[in-house]
Amino acid sequence: MAALRPDLTLLDIEMPELDGIGALRAWSLTGPGAVVVVSSAARPGTALAAEARRLGAAAVVGKPSGAFSPDLRDRQGDAILRAARHAAGLPPAGEGR
């Protein structure tokens, strides 16, 4: 990520080796761009979601069906898109800039 310098990162919490909170903690100190957490472990209103926001996540969107959510696009796609556009400083979908 340091080499790519993304404008926006979608980050899960449950990952091998370094979890999303650890990655966010390290990234918030050195990384560019906004982070939107998309996770079943850090749904809005949970302690993990609050920690992600405290560490600089622009938004937290919950996965609807657990860690493996094949229905993610259908059930949360619009919420992810809204959060990502807002975090990246873009107008809502359908609005010109």
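Guide: Start at Arg54, which is exposed, with a relative accessible area of 58%. Exposed means over 50%, buried under 20%, and partly exposed in between (1.4 Å probe, protein chains only). The model is predicted, so local features need pLDDT of at least 70 and side-chain atom pairs pLDDT 80 or more, while totals for chains, interfaces and linings use all residues. Residues are numbered from 1 along each chain as its sequence is written, and side-chain values use heavy atoms, without hydrogens or water.

The whole structure holds 2 salt bridges. Each is a side-chain nitrogen of Lys or Arg within 4 Å of a carboxyl oxygen of Asp or Glu. One joins Glu51 to Arg25, at 3.1 Å from N to O. Glu51 sits in helix H2 and Arg25 in helix H1, so this pair ties together parts that are 26 residues apart in sequence. Helices (H or I, at least four residues) and strands (E, at least two) are DSSP runs, numbered from the N terminus. Arg25 is partly exposed, at 40% relative accessibility. A salt bridge also links Glu51 to Arg54, at 3.0 Å from N to O. These two are 3 residues apart in helix H2, which means about one helical turn separates them. Through shared partners, Arg25, Glu51 and Arg54 form one network.

Contact here means heavy atoms within 4.5 Å. At the start of H1, a side-chain oxygen of Asp19 comes to within 3.2 Å of the backbone nitrogen of Ile21. That is a polar contact: N or O atoms within 3.5 Å, with one able to donate a hydrogen and the other to accept it within protein, and sequence neighbours counted only if both atoms are side-chain atoms.

The largest nonpolar core has 13 residues, and Leu24, Val35, Val37, Ala52 and Val60 have the most contacts inside it. H1, E2 and H2 are the elements giving two or more residues to this core. H1 gives the most, with 3 residues. Such a core is a set of buried Ala, Val, Leu, Ile, Met, Phe, Trp, Tyr and Cys residues joined through side-chain atoms within 4.5 Å. In soluble globular proteins, nonpolar side chains tend to be buried together.

Take Val37 by itself. Beyond its neighbours within four places in sequence, Val37 contacts Leu11, Ile13, Ala42, Ala52, Ala57, Ala59, Val60 and Val61. A second, separate core has 9 residues, including Ala34, Val36, Val61 and Ala87.

Now the polar end of the strand. Ser39 belongs to strand E2, residues 34–39. At 0% relative accessibility, Ser39 counts as buried. Its side chain makes a polar contact with the side chain of Asp12, at 3.4 Å. A polar atom of the Ser39 side chain also lies 3.3 Å from the backbone nitrogen of Ala42. Leaving out residues up to four places away, Ser39 touches Asp12, Ile13, Val61, Gly62 and Lys63.

Next, strand E1 (residues 8–11), which contains Thr9. Thr9 counts as buried, at 12% relative accessibility. With residues up to four places away set aside, Thr9 touches Met1, Ala34, Val35 and Val36. The C-alpha atoms of Thr9 and Val37 are 8.3 Å apart, at a sequence distance of 28 residues.

Two backbone angles deserve a check. Phi of Arg5 is near 50°, positive in a residue other than glycine. Arg5 lies in the segment before E1 and is exposed at 53%. Phi of Glu17 is also positive, near 70°. Glu17 is in the loop between E1 and H1, and its 88% relative accessibility makes it exposed. Most residues other than glycine have a negative phi.

The protein has 3 helices and 3 strands, in the order β-α-β-α-β-α along the sequence. Buried residues make up 38% of the 97 residues. Of the contacts with a separation of 6 or more, 48% join residues 24 or more positions apart. The C-alpha atoms fill a box of roughly 40 × 30 × 25 Å along the principal axes.
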